[in-house]
Amino acid sequence: MRRRNFLALAAIAPLVGCGVGKDPMAQSSSTPGASGAPAQGGIAVGSANFTESMVLAELYAQAMSAKGIQASTKHGIGSREVYLKALQDGSIQLVPEYGGNLLQYLAKDNPATKAPEIEQALATVVAQKNLAVLKASQAADQDVYCVTSSYAQANGLASLADLKKISAKAALGGPAELKQRPYGPPGLEAIYGAKFAEFRTYDAMAVKVKDLLDNKVQVATFFTTDAAISDNKLVMLTDPQQMILPQQVIPLVRADVKNNAAAVQAVEAVQAALTTAELTALNKQVDTNHLDPKKVAGDWLKAKQLA
């Protein structure tokens with residue numbers, strides 16, 4: 001079954017993401033020029049619970065602060081299910097997103113497959129929820145399935161199509177929400193005929209990497225901008241059926257934010273300057289060098305003369 005046919009038939013059940021049972025708004029940090037939650041007219045930038053989302057949130061918030069806009073960050077809100085609700089109830093006003101995954105989540109049967117088509121389709125889809133998207137960046141971050149080089153060589157694995165050879169006796173690792181995503185186990189089975197014997201949930205990158213290297217899981221999902229891939233010489237499996245759509249970085253905002261010309265200009269300046277290679281390097285500074293996302297973002301903005 002090809003990707004488009006599967007998406008047209010799939011009914012993706014809502015699932016509660018990481019952070020449920022806690023106050024998703026509890027983790028706040030101020031950027032220069034802001035403190036805590038924004039006052040009237042301020043913009044709170046949320047992030048999901050992974051490094052890159054926090055870095056992007058800091059880039060946006062600090063870039064706006066540098067232009068005199070009161071901005072703050074609220075990190076680690078959780079998965080898409082949680083932060084979309086936070087956008088809609090006004091707890092946050094902006095969150096970094098990824099084109100293809102967001103479109104697939106909001107309109108699973110939309111036929112768009114190329115980045116420009118996805119960006120155009122998203123503008124229409126999110127408007128129905130009183131939201132808007134700003135310009136997509138050239139920087140992209142694909143979800144990707146990885147195996148160790150030794151496991152790839154031993155089992156002849158190069159693409160997702162090869163997983164059907166090993167899946168019945170293998171474990172797949174990834175974040176909790178992946179279990180129901182169309183590019184997760186449902187898609188692997190429907191599109192590539194790969195049904196895994198076990199799915200293991202991971203929140204911590206270090207634990208997931210260790211288990212993969214120790215062969216406790218045989219396949220795991222990463223982002224293409226994760227330093228762990230190159231640091232551990234992992235093999236990224238190709239996706240010949242385009243199960244995973246193009247994932248350009250795209251800011252998702254409440255509709256009224258798009259009327260704030262200064263905020264839009266500040267955020268889109270970041271979007272225009274950011275590249276995939278730079279995003280990968282920023283992630284590595286946090287994940288490998290253990291630097292604070294706020295500092296990493298601030299240094300990059302200064303280097304680009306955006307703060």
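I call a crossover right-handed if, with the strands pointing away from the viewer, the path from the first strand over the helix to the second runs clockwise. Helices (H or I, at least four residues) and strands (E, at least two) are DSSP runs, numbered from the N terminus.

I am working on a predicted model, where local features need pLDDT of at least 70, side-chain atom pairs count only at pLDDT 80 or more, and totals for chains, interfaces and linings use all residues. Residues are numbered from 1 along each chain as its sequence is written, and side-chain values use heavy atoms, with hydrogens and water left out.

Entry: the crossover. I found a right-handed β-α-β unit made of E7, helix H7 (residues 185–192) and E8. Strands E7 (residues 171–174) and E8 (residues 198–201) pair in the parallel sense over 4 bridges; pairing takes at least two DSSP bridges. Opposite Leu172 I see Phe199 of E8. Leu172 also has a bridge partner in E9, namely Val219. E7 and E9 (residues 219–223) are parallel too, over 2 bridges.

Entry: the sheet. I read the order as E8-E7-E9-E6-E10, an open sheet of 5 strands with mixed pairing. E8 and E10 (235–236) are at the edges with a single partner strand each, so one side of each has no neighbour in the sheet.

Entry: I looked up the largest pocket and got about 750 Å³ of space. A pocket here is an open set of points on a 1 Å grid over the protein atoms alone, where a 1.4 Å probe fits, with protein on both sides within 12 Å along at least five of seven lines; lining residues have an atom within 4 Å of a point. The volume is the space filled by probe spheres set on the points, which are joined across faces, edges and corners. Of its 30 lining residues, Asn49, Phe50, Pro175, Glu177 and Phe223 are the closest to the centre. E9 gives the most to this lining, with 3 residues.
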